[in-house]
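Colleague: I have a model open and would like to learn how to read it. Could you walk me through a few features?

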Amino acid sequence: MNEPYRIGAGMAQIVVTPDMFPYGFGRGPGFTGIHDELYVRALLLERGETRVLLITVDLDSFGHIDEWKQKIQSVIHVPEDGIFVMHTHNHESIHVRNDKDDAPEGDADTARSEALTWAAMVQAIRQAEERLQPGKIRYGTGLCDVNINREYCYEGYYMIGRSPQGPSDKTVAVLTFTDLEDRPLAFFINYAVHGSVMADVRGEDGNPIITGDLPGYTSRFVEAHYPGAVALWTSGAAGNQDAKYRATRQFLDAEGALRNYSVGAGGWALLDMQSRDLAEEVIRVADAGAENEELTGLSSVQTALTVPGKMKAGQGGPHGGHRPKGEPGGPGGPEGPGGVPCEGKMMKDIDINHADGDPVTVHVGLLALGNTALVCYSGEATYELGKQVQAALGERFEHVVVVTHCNGYIGYMSQEEGFDRRTRSALVSLLARGQAERVVVDTPLALAEGL
């Protein structure tokens with residue numbers, strides 16, 4: 001029997017008040033202002049006895065998912081395998097402990113961020129449960145050109161930059177959740193891009209400003225078009241995909257040296273335009289209505305896989321792979337043209353194949369909505385890995401959507417070919433060579449057998 005869905009959605013603001021500034025997490029200067037608000041969004045799905053809860057948080061990182069699942073289950077009855085918490089990875093945002101533990105347990109602002117996020121999460125979850133009602137789910141896709149491959153080769157090292165020649169997936173996947181009269185209740189948006197338009201931009205006082213960046217802007221534009229609906233934004237296989245136009249970027253000077261440049265406050269216009277482009281394509285797909293495929297079925301399964309790790313390039317050395325504080329491109333550095341980023345110089349000769357790091361635990365989940373699968377990871381998979389899992393699971397599911405930054409954060413996951421080319425995704429990954437394919441491709445295939 002084809003049982004109907006029950007659908008409920010809610011959202012709540014993560015409230016950061018002015019009296020908390022400067023507010024940070026021990027990595028560079030603290031935030032001293034808010035440009036646009038951060039939110040938690042929740043989507044609750046029921047079908048028969050099955051319950052699934054999808055949550056998005058406008059945060060730079062998110063980890064320790066087992067702790068969070070226990071807290072969530074104290075508020076709502078959903079099995080562990082049915083809880084999926086995704087962070088938008090907007091770079092200019094407050095911080096919650098991630099699985100790399102790059103913020104100490106005792107950091108006061110990090111602890112405060114967790115408390116603020118939890119308060120908003122409770123509100124969003126309860127609102128979603130209160131709004132449960134019969135509904136329908138449709139799946140459709142569109143195209144949007146606001147991302148770009150970021151593997152820029154400079155003196156033999158693939159650093160973050162603009163690489164128009166590199167592969168980039170322009171697909172926007174949209175799940176539209178409506179009531180039985182086709183009125184929108186919620187949207188699940190998936191696109192392969194970093195929330196990095198305003199990364200490294202500083203305000204007039206030289207300090208960063210909080211923003212939801214491309215994910216947050218896109219969600220709010222969609223929500224403004226459909227009053228009362230909730231738009232959950234998620235990242236696709238964006239490990240090597242950046243926003244097409246960032247406020248900060250590199251350029252080659254007349255002598256061939258790579259330097260940094262920032263348009264500063266002009267970046268807000270870049271953010272607005274690109275977010276509108278993405279939101280308009282989501283709206284176009286959603287408005288197609290019956291042209292999109294109606295889905296049936298609801299099941300989920302998750303696992304945690306521990307694999308061999310390697311030391312991240314720069315780990316134990318200067319700056320840990322980040323540009324140094326106070327230097328061009330680094331926290332507190334100047335906005336205009338600067339020197340060659342230290343990252344490229346420092347990491348160019350690193351041994352990329354060493355496997356002497358601690359084991360890494362990666363969370364992998366599979367959510368099936370009939371013939372459509374959401375394949376979820378706690379790491380940042382590259383474009384190439386995304387295509388591999390779509391091809392592998394394509395024999396079982398008609399539609400395969402790759403969701404990263406889900407149920408934790410362990411950083412980059414690179415395909416083996418990236419190790420050969422010495423890409424940044426491979427250099428800074430905590431996973432040893434060859435382990436990403438095991439996590440991203442082999443594990444979902446095994447999970448699919450258990451559905």
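Colleague: Is R97 buried or exposed?

Modeller: Keep in mind that this model is predicted. A residue is called buried when its relative accessible area is under 20%. R97 has a relative accessible area of 8%, so R97 counts as buried. You will find R97 in the loop between β4 (83-87) and α2 (108-130).

Colleague: Which side chain does the side chain of R97 contact?

Modeller: Look for a pair of N or O atoms within 3.5 Å. Here the side chain of R97 makes a polar contact with the side chain of E114, at 2.7 Å.

Colleague: How many residues of β4 are buried?

Modeller: Five of the five residues in β4 are buried, and the strand is mostly covered. I83, V85 and H87 point one way, while F84 and M86 point the other way.

Colleague: Which strand is joined to β4, and by how many bridges?

Modeller: Strand β3 (residues 50-57) runs parallel to β4, and five bridges join them. One of the pairs to look at is I55, whose bridge partner in β4 is V85. Between the two strands, the chain passes through helix α1 (residues 65-73), and this β-α-β crossover is right-handed.

Colleague: Where does S429 lie, and what does its side chain reach?

Modeller: S429 sits in the loop between α8 (424-427) and α9 (435-449). Its relative accessible area is 1%, so S429 is buried. The side chain of S429 reaches the backbone nitrogen of L431 at 3.0 Å.

Methods:
Residues numbered from 1 in each chain as written. Predicted model: local features only at pLDDT ≥ 70, side-chain atom pairs only at ≥ 80, totals over all residues. Heavy atoms only, no water. Helix = DSSP H or I, 4+ residues; strand = E, 2+ residues; numbered from the N terminus. Buried < 20%, exposed > 50% of the residue type's maximum accessible area, 1.4 Å probe, protein only. Polar contact = N/O pair within 3.5 Å; in protein donor to acceptor, adjacent residues only side chain to side chain. Pairing = 2+ DSSP bridges. Right-handed = clockwise from strand over helix to strand, strands pointing away.
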